[in-house]
Amino acid sequence: SRELWIRWLALQPDRLQNLERRKIQEFTSILRMIVQANEGNRLVGKNIIAKYHTLFAEVAHFLPCWAVSALSARSRIPFQKAYFDLVVIDESSQCDIASILPLLYRSKRAMVIGDPKQLRHITSLSMSQDRQLLEKADLQELGYGWAYAANSLFDLAQGLCPKKSQVILRDHHRSRREIIEFSNECFYAEAPLRVATAYDRLVPLP
């Protein structure tokens, strides 16, 4: 599958027609203008925004995969329900639930990837404030699994998804065995990681 993906990426530019290339170039220019305006807390004209949405719909069918952060999605992807077939959220143990809701709204399905042994998202909201906000908004029926301060997106997804939909990735490909043995002893004793590192690809320190 990796080789197929690499070959598809290599062939795709040659399949584009001249009109499609011009649309991509114009869309990229407008996107830069919007991003720069957002970074400088400036407004862009309504015509620019309208043109952006028009071009987005035209280029999306030959640019089917988009990579954004949760914070940058606001200025790069239209806020349209179920626009994408799938949203893939990585490092979900570091994501708070509220920041990801707009991305979930834009997609038909979601794949949530994370590791509960890694760092959690940081919040200044206390548990008592979190509970009070849930009660004030009359959201207790959702359950406290949605509590902002207590849970990450990974925690929520793990509680909502049936067991058959959960996949544990145990093979580790990046570090030497000695490092992973330490991690296994301290953090992954119940389900140890398997070392699958390609040692011939590691770059030794000078």
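Trainee: Where is A82 found?
Mentor: A82 is in the loop between α4 and β1, where helices (H or I, at least four residues) and strands (E, at least two) are DSSP runs numbered from the N terminus. Keep in mind that this is a predicted model: local features need pLDDT of at least 70, side-chain atom pairs count only at pLDDT 80 or more, and totals for chains, interfaces and linings use all residues. Residues are numbered from 1 along each chain as its sequence is written, and side-chain values use heavy atoms, with hydrogens and water left out.

Trainee: What is the phi of A82?
Mentor: Near 55 degrees, which is a positive value in a residue other than glycine. Most residues other than glycine have a negative phi.

Trainee: And which loop holds E91?
Mentor: E91 sits in the loop between β1 and α5. Its phi is positive too, about 50 degrees, and E91 is not a glycine.

Trainee: Why does E91 count as partly exposed?
Mentor: Because its relative accessibility is 35%. Buried means under 20% relative accessible area, exposed over 50%, and partly exposed in between, with a 1.4 Å probe and protein chains only. A82 is partly exposed as well, at 28%.

Trainee: On to α5. Which of its residues are buried?
Mentor: In α5, residues 97–105, the buried ones are I97, I100 and L103. They lie on the same side of α5, because they cover an arc of only 110 degrees around the axis; the arc is that of the directions from the helix axis to the C-beta atoms.

Trainee: Why would that spacing work?
Mentor: An α-helix has 3.6 residues a turn, so residues three or four places apart point the same way.

Trainee: What do the buried residues of α5 pack against?
Mentor: α4 (73–76), β1 (84–89), β2 (107–112) and α7 (153–160). Contact here means heavy atoms within 4.5 Å. Seen from the α7 end, its buried residues are L153, F154, L156 and A157, and what covers them includes β1, α5 and β2.

Trainee: Now the core. Which members of the largest nonpolar core touch the most others?
Mentor: F27, Y52, F56, I89 and I100, out of 22 residues. α2 (18–39), α3 (46–59), β1 and α5 each supply at least two residues, and α2 gives the most, with six. A nonpolar core is a set of buried Ala, Val, Leu, Ile, Met, Phe, Trp, Tyr and Cys residues joined through side-chain atoms within 4.5 Å.

Trainee: What is F56 in contact with?
Mentor: Leaving aside neighbours within four places in sequence, F56 contacts F27, W66, R76, I77, P78, Y83 and F84. F56 also belongs to one aromatic cluster with F27, Y52, W66, Y83 and F84.

Trainee: How many aromatic pairs does the whole structure have?
Mentor: Nine. The Y83 and F84 pair is edge-to-face, because the ring centres are 5.2 Å apart and the planes are at 70 degrees. Rings of Phe, Tyr and Trp (its six-membered ring) pair if their centres lie within 6.5 Å; planes under 30 degrees apart count as stacked, over 60 as edge-to-face and the rest as tilted.
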